[in-house]
Amino acid sequence: MTPRALAQDQIQLLADHSLTLITELQTDEGAYPASPSFSAYVGYSWLRDGAFIADGVSAAGAIASASRFFDWCARTLLARTGQIDEIVRATASGMPPSGEKMLPARFTFSGDDGTDDWWDFQLDGYGTWIWALSQHLERHDLDGSPYHDAVAVTIDYLLASWQRPCYDWWEEHAQHTHISTLACIAAGFEATLRRNLVSHERAARVTTELAALRARLLSDGVQDGHLIKWIGGTAVDGSLASAIAPLGVIEPTSSIARRTIDVLESHLTVNGGTHRYLGDTFFGGGQWPLLSCFLGLAHDAAGDRTRANELFEWAAATATTNLDLPEQVDDHLIAPGMRQEWIDRWGTVATPLLWSHAMFLRLGIQLGRIDTQQLTANHERTA
Ligand code: BGC
C-alpha cells in the first residue's frame, strides 16, 4: 500500500480512535492485548508493548488506564517472587537457570505463562515497565510507594540476569546480547534510582551494576561511532532509536546519538518508513510505523523537529480506512518472497497493533500535533 498524507483533523481523529481503541481493549485485569485479532497474539499482553502503550496513554492523559496497567504488572510480578528468588539464588551459586526457566516476555491477561510455545526469554520489558512507570509517576505527580515491592523483585531479577544473552525486541537471535535490551534495562535502573523506588541497599547494587552496564553499552555496543544491534556485530536495528528517546539512555545531542540516527536513516528508512533490520524476513520485512515514531522521537530530542514531523506523517498515513494502525506495511519489503509464507502461517499482518497506536500518540503529543485537551475531553465523554 502507498501511505496517504493525513490532514490535521484526520490526525486528531486518529488520535481519538487510538486512545479509544487502547482503553476499550484494556482487559478487566488491566492488561493491554498486543492485538485483538491477530492469531499468534490473541490472549496475550507483552511487557514491552504494554509498557510503551502505557507510556503513550499516560502522555495522552488517560491516567487511570496507565495506572491500571502498572497495577497489573505489579500483581503479575509479585506473584513470581518465588520463581525470581530461585533464579537469583541459582545464578549466585554459579548455576544460572536455562532460558526456558526465566520469566516470560508475554503473559495471559490473568498473569500466567499460557500454554503456547514462545520465544520467551527476553529481558528488555522488565526494564521498560519500570521506566514507563517512573515516567507516569513523574508526569502526573503520583505516589510510587504502591509499586515498591514489585519494582524490588524486578530489580532483583535484572541485577542477577542483565549480562545474559536473550531474545531481542523481535524475539529472535537468543545467542546475542542486544544493545536495545541493555538500553531498556539501563532505563529501568536509572528510573529506579531517580525515583527512589527501592531500598538503599538495593539502590547501591543498582548503582554498581548500572555503571558496569553503561560501560559495556558504550564500549561493546558501539561500532564506527554508532550503536549496534548486538555485541560483536556491525549492523543496526530500528529499535536502537529508543535508547536516545524516549528512554534517554544515550544523550540525544551526543556524537553517538547523531551517528546512530544517521545510520538508522540511511540503512533502514525508506520514504519515512523504518525497517526493523536488514535481513528481516517477517511478513517479507516491511516498514514499521512504530519504529518511524521511535526514530521521530530521537530526531526531535536531537533537535530536528522537521524530520520528526515527516516520520510522524508517514506513520499516521499507514492507517487503514477504519483508522487502524498495522504492525507493518508492505510498501517496501526487504524479503518480498517471504511475505506469503507468514500470511499462510499466521494470517495477514497484525492490525490494529496497540503498540503502533501508542507510539503514534506519543510522538504526536511530543510534536504538538495532537490536542491532548480535546482528546481527554472526548475520551472522558465516552468513558
Ligand atoms: C514482535 C514483538 C512484539 C510482539 C507483539 C512480535 O511480532 O516481534 O516485538 O512484542 O509481536 O506485538
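The shell around the ligand comprises eight nonpolar, no polar and five charged residues, where Ala, Val, Leu, Ile, Met, Phe, Trp, Tyr, Cys and Pro count as nonpolar, Asp, Glu, Lys and Arg as charged, and the others, Gly among them, as polar. The model is predicted: local features need pLDDT of at least 70 and side-chain atom pairs count only at pLDDT 80 or more, whereas totals for chains, interfaces and linings use all residues. Residues are numbered from 1 along each chain as its sequence is written, and side-chain values use heavy atoms, with hydrogens and water left out.

The ligand is surrounded by 13 residues, of which Tyr41, Arg48, Asp49, Trp169 and Arg276 are the closest; a residue is included if one of its heavy atoms lies within 4 Å of the ligand. The distance to an N or O atom is 2.4 Å for the side chain of Tyr41, 3.0 Å for that of Arg48 and 3.3 Å for that of Arg276. The protein covers 98% of the 310 Å² of accessible area that the ligand has on its own, as given by the Shrake-Rupley method with a 1.4 Å probe.

Arg48 and Asp49 also belong to the contact between two helices, H2 and H14. Helices (H or I, at least four residues) and strands (E, at least two) are DSSP runs, numbered from the N terminus. Helix H2 (residues 47-59) packs against helix H14 (residues 354-366) at an angle of about 40 degrees, with the axes 8 Å apart; axes are lines fitted to C-alpha atoms over the stretch in contact, and angles run from 0 to 180 degrees between N-to-C directions. The crossing is left-handed, that is, the near helix is turned anticlockwise from the far one by less than a right angle. Nine of the contact residues are nonpolar, one is polar and four are charged.

A left-handed crossing is likewise found for H10 and H11. Helices H10 (residues 255-268) and H11 (residues 289-302) pack at about 140 degrees, and their axes lie 11 Å apart.

Backbone geometry was examined in the loops. Most peptide bonds are trans. The bond from Thr351 to Pro352, however, is cis, with omega near 0 degrees, and Pro352 occupies the loop between helix H13 (339-346) and H14.

Key: A polar contact is a pair of N or O atoms within 3.5 Å; within protein, one must be able to donate a hydrogen and the other to accept it, and residues adjacent in sequence count only if both atoms are side-chain atoms. Contact means heavy atoms within 4.5 Å.
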